[in-house]
Amino acid sequence: MCGIAGIIHRGKMSNVGGEMTRMLRALKHRGPDSTGLAVYGPPHPGDYVMRLKVAEHEDIDRGRGIKERIKERVERVERILEEHGVQIHSKEFATPYALRYVLRHEGDKEAIARAIEEVDGVEILSLGNNLELIKDLGDAIVVADAYKLHEFEGTHAIGHTRMATESDVDIRSAHPYWAFPYNDVSVVHNGQITNYWLMRREMERKGHRFMSNCDSELLAVYTAHNLAGGMTLEESLRQSIGEIDGVFTYLVATRDQLGMAKDTMAAKPLVLYESDDLIALASEEVAIRAILPQEIDTYDPYDEEIRVWQV
Amino acid sequence: MASVSDARLREMAQEERAHALGMTTEQLTGRSMFIEFDPEAEERFTYPWAPEVDFNKRTEFDSSEMSSTEVNQEIRRLMAEGFGTIVIQNPRGKHSVGVGILSRLNLIVEGSLGYFATGLIDGPNVRINGRVGWSCGENMMSGTIVVAKNAGSTFGAALRGGDLVCMGSVGSRTGIDMKGGTIIVGGDTGAFSGFMMQRGRMIVCGNAGKNLGDSMYDGTIYVGGEIRELGVDAVPAELNDLDRAWLRRKLIQYGLLPERGVDHFTKIVAGKQLWNYDNLEPSEKKLIL
């Protein structure tokens with residue numbers, strides 16, 4: 001059991017970091033192992049925000065010589081950026097093992113991303129103009145405090161509270177997943193994908209990379225593959241209903257859209273609130289009530305239901 | 001028979017009354033259990049610990065800062081003080097509110113509830129002026145629950161008795177494994193509604209999703225709108241005058257009777273091709289007998 005949530009403001013910016021934190025805090029009972037948020041802020045014209053981790057959370061306490069290894073990994077990442085002609089506008093450590101860079105570069109982002117991920121222990125969490133993807137162990141408040149998300153202004157966000165069932169309790173297996181190498185696309189998922197290995201091998205044959213053994217990552221890779229092939233988000237979501245086996249509800253966010261898909265059995269919950277200027281959806285109503293305490297009308301989307309909303 | 005009056009129903013013997021109410025698909029055999037209501041054993045149908053409450057004694061409390069446990073404890077404390085009408089304000093989607101109430105009570109919820117709302121109840125009349133999440137009224141034994149807005153999936157799962165009503169639409173697997181009682185949905189219902197239904201009746205005024213009545217053992221489903229697809233062993237049956245009379249009465253009771261009446265409803269029952277009660281091994285038969 002995991003908890004997922006999404007929120008999108010139409011035509012305005014809002015405190016989506018704080019809102020998503022409150023929603024995920026209300027869903028803590030669905031999964032206390034890790035929390036992740038993909039928040040979409042104002043665009044950085046000409047710039048890219050890159051979030052990456054250079055070690056796992058537990059490495060900090062357990063790994064001997066980890067500080068030296070982190071320093072070495074960061075130096076290697078920055079050498080790669082330099083070799084590719086990338087300008088570093090800013091750099092900050094959100095935690096001892098997670099960094100945020102603002103970069104300027106006009107060339108091939110995928111080549112840079114692939115080169116960086118060749119560095120042992122380094123994983124890019126997100127890369128994009130708007131997207132900032134944060135995930136770590138602990139509940140929503142712990143993560144939001146550590147990464148200063150309470151005041152984050154943006155248009156939309158998705159989030160996840162994880163109860164680890166089929167893979168480890170670590171950042172690598174936490175959601176959301178960035179749809180590598182597709183800029184600004186992220187995915188959260190609640191459910192189990194039963195044709196994971198079949199689909200994964202198919203995606204790997206097509207040249208896609210997987211960083212974890214978590215079945216949810218497949219949805220990110222699958223979505224990235226479809227979008228790169230020219231599909232719209234709606235087309236990709238609809239196709240997934242037929243191609244992905246199992247029980248699932250998942251949310252996809254892009255630079256300016258938020259989408260949802262529910263499997264043929266409708267076995268995983270989702271509650272939806274929709275108004276002219278705000279859409280909020282979550283595994284449980286209690287999460288929506290965390291940001292909208294007034295009486296509102298909500299409903300459960302049905303089996304095979306696909307929805308996409310524009311910012 | 002065009003319709004049956006309440007007075008006439010009271011005069012009927014149990015078996016005749018059951019048939020008059022349209023329970024003609026529920027001839028119970030084999031392992032089925034059916035506990036007849038015996039008016040002479042009335043004391044067995046109340047719980048010795050049930051508090052004496054007065055419906056005219058009314059109170060309300062604000063639950064916005066309370067946990068689900070605290071809300072339920074407060075309901076019990078107020079019932080022990082004799083309050084028969086309790087209003088809960090600002091529930092904000094809390095789970096498991098109002099569960100396990102085993103005596104008469106008017107419970108009014110001003111707002112929406114989360115999962116397992118008022119499940120496992122036996123007797124109260126509940127009005128929820130909002131929406132409910134998954135599994136509202138699960139295992140309810142008697143009483144009424146009326147939800148003013150929409151409801152989530154598994155609405156009335158394993159329902160055993162009473163009336164469970166949603167004025168709006170409900171999610172998937174409505175009435176899954178229901179063993180009695182009546183579920184009424186004012187709007188649409190999702191996939192697998194009536195899945196493994198064993199007894200009782202379900203009325204859906206709007207449309208029904210795919211696999212309606214899948215693997216149902218018994219019971220009856222009435223659908224006013226379109227049925228996307230019937231499940232395994234669910235079959236249409238003739239809507240007779242008794243069905244119409246019963247539908248009208250139930251829908252009028254909750255203000256859901258469509259302007260065009262009930263003639264357009266489709267009746268779904270079990271085809272009973274999956275039944276194997278008559279194929280028991282001799283040793284199993286001995287155990288049951």
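Helices (H or I, at least four residues) and strands (E, at least two) are taken here as DSSP runs, numbered from the N terminus. The model is a predicted one, in which local features need pLDDT of at least 70 and side-chain atom pairs count only at pLDDT 80 or more, while totals for chains, interfaces and linings use all residues. Residues are numbered from 1 along each chain as its sequence is written, and chains are lettered from A and ligands numbered from 1 in the order in which they are written.

Chain A is divided into domain 1 (3-36 + 158-310) and domain 2 (44-129), with bounds that come from an automatic or database domain assignment. The centres of these two domains of chain A, taken over C-alpha atoms, are separated by 25 Å. Two residues are in contact if their C-beta atoms, placed from the backbone, lie within 7 Å. Eleven residues of domain 1 of chain A are in contact with 13 residues of domain 2 of chain A.

Within chain A, helix H1 (residues 16-26) packs with helix H5 (residues 140-147) at an angle of about 155°, their axes 8 Å apart. Axes are lines fitted to C-alpha atoms, for helices over the stretch in contact, and angles run from 0 to 180 degrees between N-to-C directions. H1(A) and H5(A) are therefore roughly antiparallel to each other, a term for angles over 145 degrees. Thr21(A), Leu24(A) and Arg25(A) in H1(A) meet Ala140(A), Ile141(A) and Ala144(A) in H5(A).

The interior comes next. In soluble globular proteins, nonpolar side chains tend to be buried together. A residue is buried if 20 or more other C-beta atoms lie within 10 Å of its own, exposed if 12 or fewer, and partly exposed in between, with C-beta atoms placed from the backbone. A nonpolar core is a set of buried Ala, Val, Leu, Ile, Met, Phe, Trp, Tyr and Cys residues joined through C-beta atoms within 7 Å. Of the 87 residues in the largest nonpolar core, Ala5(A), Met23(A), Ala179(A) and Ala282(A) touch the most other members. The largest share of this core, six residues, comes from helix H7 (residues 215-228) of chain A. Apart from this core lies another, of 65 residues, among them Val97(B), Leu113(B), Phe155(B) and Val204(B).

In chain B, 45% of the 289 residues count as buried. Chain B is divided into domain 1 (53-143) and domain 2 (150-271). Their contact takes 13 residues from domain 1 of chain B and 15 residues from domain 2 of chain B.

The two chains also meet each other. The contact takes 15 residues from chain A and 22 residues from chain B. On the side of chain A that touches chain B, the largest share, three residues, comes from helix H9 (residues 285-289) of chain A.

Some backbone details remain. Most residues other than glycine have a negative phi, and most peptide bonds are trans. The peptide bond from His175(A) to Pro176(A), however, is cis, with omega near -5°. Pro176(A) has its place in the loop between strand S8 (156-162) and strand S9 (177-178) of chain A. Phi of Asp177(B) is near 65°, a positive value in a residue other than glycine. Asp177(B) counts as partly exposed, with 19 C-beta neighbours inside 10 Å.

Key: Parallel < 35°, antiparallel > 145°, perpendicular 65-115°, else oblique.
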